[in-house]
Amino acid sequence: MKTEIKLVDYLASRRSIPAFQMGPPGPSKAEVEEMLKLASRVPDHGKLAPWRFIVYRGEERARISGELKKLALAAKPDLSAEMIKVEETRLTRAPVVVAVVSRAAPHFKIPEWEQLMSAGAVCLNLLMAANAFGYASNWLTEWFAYDDRAYPLLGVEPGERVAGFIHIGTAMVPPTERPRPELADIVTWVGEET
């Protein structure tokens, strides 16, 4: 299921597929394990591995989504029928969802900021690893990534934070391009060309 493509060509065309536009098949357990090994190969000052993974598969995704819906309704009892449906499907839109959980903490040498950036790098590597295996992927956070009430349900421990939920499946539609920033708007050159 792997796709052969030069890295520079991949990076020039990399695009996320919305989670609701994914379907089966999803990656096997062995494929997910390989993806997680690849995702773990990120800059990690101090070799702390200040992140971990939680993999949601099968029917457990529907159960957790149902519980998330209850939390959403407790916070906003007047949710529309459309939003209730969205809440019911939070983790069922793609066959596999991986939470990248940041364990960044004060350290005598390694700034927390560097640990957080390492978790972000894991998220991006996981997106690219899923694509390398021929799957579509999307990095989402959504409200429950920031809501401590949802953490026990999701398996997130006290002191941890969710860096992202990586949805992985098969694209049901081709990816579409979106506007990208112009380099002139985002690059500052310092010094002379050599």
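**Entry 1: aromatic rings**

I count rings of Phe, Tyr and Trp (for Trp, its six-membered ring) as a pair if their centres lie within 6.5 Å, and I call the planes stacked under 30 degrees apart, edge-to-face over 60 and tilted for the rest. What I am reading is a predicted model, in which local features need pLDDT of at least 70 and side-chain atom pairs count only at pLDDT 80 or more, while totals for chains, interfaces and linings use all residues. Residues are numbered from 1 along each chain as its sequence is written, and side-chain values use heavy atoms, with hydrogens and water left out.

I looked up the aromatic pairs and found four of them in the structure. For Tyr56 and Phe165, I noted ring centres 6.5 Å apart and planes at 45 degrees, so this pair is tilted. The pair links distant parts of the chain, since Tyr56 is in strand 2 (residues 51-56) and Phe165 in strand 5, 109 residues apart; helices (H or I, at least four residues) and strands (E, at least two) are DSSP runs, numbered from the N terminus.

I then checked burial, where buried means under 20% relative accessible area, exposed over 50% and partly exposed in between, with a 1.4 Å probe and protein chains only. Tyr56, at 5% relative accessibility, counts as buried, and Phe165, at 0%, counts as buried too.

Phe165 also forms a tilted aromatic pair with Phe144, at 5.0 Å centre to centre and 50 degrees between the planes. Here Phe144 sits in the loop between strand 4 (136-140) and helix 6 (151-154), 21 residues apart from Phe165 in strand 5. Both Phe144 and Phe165 are buried. I recorded that Tyr56, Trp143, Phe144 and Phe165 form one aromatic cluster.

**Entry 2: nonpolar cores**

Which residues have the most contacts inside the largest nonpolar core? I found that this core has 20 residues, and that those with the most contacts inside it are Met35, Val98, Val100, Val122, Leu126, Ile166 and Ile168. A nonpolar core is a set of buried Ala, Val, Leu, Ile, Met, Phe, Trp, Tyr and Cys residues joined through side-chain atoms within 4.5 Å.

Helix 2 (29-39), strand 3 (96-102), helix 5 (112-132) and strand 5 (161-171) each supply at least two residues of this core, and helix 5 gives the most, with seven residues. Apart from this core lies another, of 17 residues, among them Ile54, Ile64, Ala150 and Leu154.

I looked at Val122 as well: not counting residues up to four places away in sequence, Val122 touches Ala39, Val42, Trp51, Phe53 and Val100, where contact means heavy atoms within 4.5 Å.

His167 is found in strand 5 and, at 0% relative accessibility, counts as buried. Leaving aside neighbours within four places in sequence, I listed the contacts of His167, including Met22, Arg90, Arg93, Asn138 and Glu142.

Leu116 is found in helix 5 and, at 27% relative accessibility, counts as partly exposed. Leu116 and Arg161 are 45 residues apart in sequence and 9.5 Å apart in space, C-alpha to C-alpha.

**Entry 3: a helix contact**

Finally I looked up helix 3 (residues 60-75) and helix 4 (residues 81-88), which pack at an angle of about 140 degrees with their axes 7 Å apart. The contact is made by Ser65, Lys69, Ala72 and Leu73 of helix 3 and by Ile84, Glu87 and Glu88 of helix 4. Axes are lines fitted to C-alpha atoms, for helices over the stretch in contact, and angles run from 0 to 180 degrees between N-to-C directions.
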